[in-house]
Amino acid sequence: MQPETTTTPNISFEEYRNQILKDYKTALLSRECSLLGRREVLTGKSKFGIFGGGKELPQLAMARVFRNGDFRSGYYRDQTFMMAIDQYTVQQFFAGLYAHTDIEKEPFAAGRQMGGHFATHSLNADGSWKNLTAQKNSSSDISPTAGQMPRLLGLAQASKIYRNEKSVAGENNFSINGNEVAWGTIGNASTSEGLFWETVNAGGVLQVPMVISIWDDEYGISVHAKHQTTKENISLILEGFRRDDKHEGYEIICVNGWDYPALIDAYKTAEDLAREQHIPVIIHVKELTQPQGHSTSGSHERYKSEERLNWEREHDCIKKFKEWIIDHNIAEADELVAIEKEAKKEVRLGKTAAWNAYLSEIKTEQREAVSILRDIEKVSANKNFISPLINALENKDEPIRKDIMEATRKALRYLIKEDSVEKTHLQNWINSYFNKIQPKYSDHLYNESDNKVTAIEEVAPVYGDDAPLVDARIILRDNFDRIFERLPETMIFGEDSGKIGDVNQGLEGLQEKYGELRISDTGIREATIIGQGIGLAMRGLRPIAEIQYLDYIMYCIQGLSDDLATLRYRTFAKQKAPMIVRTRGHRLEGIWHSGSQMAGLIHLLRGIHILVPRNMTKAAGFYNTLLDSDEPAVVVECLNGYRLKEKMPSNLAEIRTPVGVVETVKEGNDITLVSYGSTLRLVEQAGKELLSVGINVEIIDVQSLVPFDLSHDIVKSVAKTNRLLVIDEDVPGGATGYILHKLIDEQNIYNYLDSKPQTLSAKAHRPAFGTDGDYFSKPSAEDIFETVYDIMHEAKPATYPKLR
């Protein structure tokens, strides 16, 4: 341990001493929370626990240099840091452990995430932004290892945008001259993940103000570093990223996690470089311990040698901190013992307060349910069956809501053949209870405020008599031009998006007009393209992240699914990231450019709107609509539509394509055909050909898969035609299965059907290459024609004789 340390300038020794002792107490509070939290899990009061024991000192050092406006993007070991920046209390620690659904009591997730997942509130009650420069900020954690890293890149890049792009007004709420630092934390084992390396590479290229702390305790759960990391040393293999006189890169700092003064110096150095010069920094914090093992699911004694366990006991950072305080005459041992006792007491009181607050509401609900059931017991002929249910519920000292619902709903089964006022009361109570309680676990997946995207009304395109026919890409390009002119906070980035104006010239000439910061090229790194978008959007910007082809979205599906799609939900509407993902697909040729990932998207990305415009005018309208609101979306443009001709609207900037609204593109009365994207053009072609055999189809463009047909317009069509065929190019049971679920389960379309509803999708395999590969792999106009004809043949065989 270093023998001396430099005191902070301009403060007295007493102030310095108090700062040290405050840090010591914070470390003790955090450690005691970990110890007592583990016991709460093992006694059944919580399902699972994962804690930050052993990582206390470096987190205290990081907290020292964390300023208002800064952002953290970390993982579930950072409880000490959150306590040190005064964003986490002992009672909140246990509220998270108990999954308390009150956002005031458990402010990070209202019980929706396991404890140790931290988030500050970026939004006011009405969904508007708080002043993020006036508070310390933590982006909401996710559990997937290294999943926090791509978002970190965007949080840091926002500072670069605010400092260098003067047209972007960030001074009010989001930035002060780009001085904010993004602080990332990750465990040493998780640095094996590709997301870590992709982020490190991108951060070095972009030169953004981020500091990555690697907490290194030599293990990943039970697996030693020799199985995780080449040379068993992450900073050693990161040396190639170190900056030098000729190359930009990272400042890399190595420091022992039990060395308090060295940690303070390391983090001060990192802050100065990142905040002032926008140089990214990696701090490798070595020789840390994890005194309780990875989590409550096991003990580290099972996989650590006795030698290692003895080393960890001797090098426990709190033990070393105490020794350093005494050795440097900052406090006597007796004073530190008193602080230790005070910390233990504070944690016990906080635990009790959190448990009582959690339990009190449920106990009230328990008493209500028992009272209603006792009334039933008095009048029911099935008293002998109901009484045990009541007694079991009443005798639970620590009930959960599941216990209440099981007892009341099972009791109701015994009343099926009975009628009474008491039964009606029970039925009403159960329904009311569901209406009250279910939202605690379900709401805020999407924006529920007045400015939600589905509330934005349609503005149709207007065409002059002399409206020119142009390549459809021109409509997109000119619309983006108007967007970037009107909204300086918007930007777009992706592979080939900048200099050449994207691979289809939908951004032609815009980088030259608006600059490289707003219209920018990226490396081939889809995961961090999405991470940039998430982080930028969380700091008040309006990014459009471009994934060159729909197939490539598979590289970043984890970030979209686990981070972006869940953000509003997992923070109980206290954070948002209104980013737009622009991509292109449909009717592509070949296994790896098939554009048929819709089933995956609609199921994995609930929380993100998924929009499938059939042409570029519709796509332009979607971008305009989305930028009027604050919700994330994926817009899938039709790859084979950029060179097709479309009329140029005279009101391009005003067009708003509605979200969640279908469009009837052709009226008919024999059968309803439902489709979207490029396949819709084939449906329209088949519809014209079917007229030659006397079949008049109604064609509906879905436009928006998520959300889907909020006005239930398709059922109105089927009420007229009495037949339904859903067509797309996805795998069987994919998006067509999803659409049928919506139509049957939600719209009750079966009430109007005279024939079996059918789907026509692609073959189960990816399409083979070439035009013939597409023709024999995905629905063709002939497939659509014959499927419709067969449905009509079954209904009216005399009128429509068998075709083949």
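Arg72 stands opposite Ser138 in strand E2, where strands are DSSP runs of type E with at least two residues, helices are runs of type H or I with at least four residues, and both are numbered from the N terminus. The model is predicted: local features need pLDDT of at least 70, side-chain atom pairs count only at pLDDT 80 or more, and totals for chains, interfaces and linings use all residues. Residues are numbered from 1 along each chain as its sequence is written, and side-chain values use heavy atoms, with hydrogens and water left out.

Strand E1 (residues 71-73) pairs with E2 in the parallel sense over two bridges; two strands count as paired if DSSP finds at least two bridges between them. Both belong to an open sheet of six strands with parallel pairing, in the order E2-E1-E3-E4-E8-E7. E2 (137-138) and E7 (251-256) are the edge strands, each with a single partner, so one side of each has no neighbour in the sheet. Helix H2 (residues 56-64) packs on this sheet and touches E3 (182-187), E4 (210-215) and E8 (281-286), a contact being heavy atoms within 4.5 Å. The direction of H2 makes about 170 degrees with that of E4; axes are lines fitted to C-alpha atoms, for helices over the stretch in contact, and angles run from 0 to 180 degrees between N-to-C directions.

## Five-stranded sheet

Another open sheet has five strands in the order E17-E19-E18-E21-E22, with mixed pairing. Its edge strands, E17 (663-666) and E22, each pair on one side only. From one strand to the next the twist averages 25 degrees.

Strands E18 (residues 671-675) and E19 (residues 697-701) run parallel and are joined by five bridges. Thr672 has Glu698 in E19 as its bridge partner. Helix H22 (residues 679-690) packs on the sheet, touching E17, E18, E19 and E21 (724-727), and its direction makes about 170 degrees with that of E19.

## Nonpolar cores

In soluble globular proteins, nonpolar side chains tend to be buried together. A nonpolar core is here a set of buried Ala, Val, Leu, Ile, Met, Phe, Trp, Tyr and Cys residues joined through side-chain atoms within 4.5 Å. Buried means under 20% relative accessible area, exposed over 50%, and partly exposed in between, with a 1.4 Å probe and protein chains only.

The largest core has 88 residues, of which Phe94, Tyr267, Ile283 and Ile325 touch the most other members. Helix H11 (residues 333-379) supplies the largest share of this core, 14 residues. Apart from it lies another core of 83 residues, including Leu152, Ile282, Ile529 and Leu564. Not counting residues up to four places away in sequence, Tyr267 touches Pro58, Ala61, Met62, Val65, Trp183, Ser213, Trp215, Ile283 and Val285.

## Cavities and pocket

On a 1 Å grid over the protein atoms alone, a cavity is a set of points where a 1.4 Å probe fits but cannot get out; a pocket is an open set with protein on both sides within 12 Å along at least five of seven lines, and lining residues have an atom within 4 Å of a point. Points are joined across faces, edges and corners, and a volume is the space filled by probe spheres set on the points.

There are eight cavities of 30 Å³ or more. The largest cavity has a volume of about 90 Å³. It is lined by 14 residues, with Leu445, Leu564, Arg568, Gly607 and Pro632 closest to its centre.

The largest pocket has a volume of about 590 Å³. Among its 24 lining residues, Lys45, Lys47, Tyr98, Tyr358 and Ile400 lie nearest the centre. Helices H4 (90-98), H11 and H13 (401-413) each supply at least two residues of the lining.

## Loop residues

A cis peptide bond joins Val706 and Pro707, with omega about 0 degrees; Pro707 lies in the loop between strand E20 (704-706) and helix H23 (713-721). Glu232, a residue other than glycine, has a positive phi near 60 degrees. Glu232 is partly exposed, at 42% relative accessibility. Asn748 also is not a glycine and has a positive phi of about 50 degrees, and its relative accessible area of 33% makes it partly exposed.

Ser122, in the loop between H4 and E2, is buried at 2% relative accessible area. Asp628 lies in the loop between helix H21 (616-627) and strand E15 (633-638).
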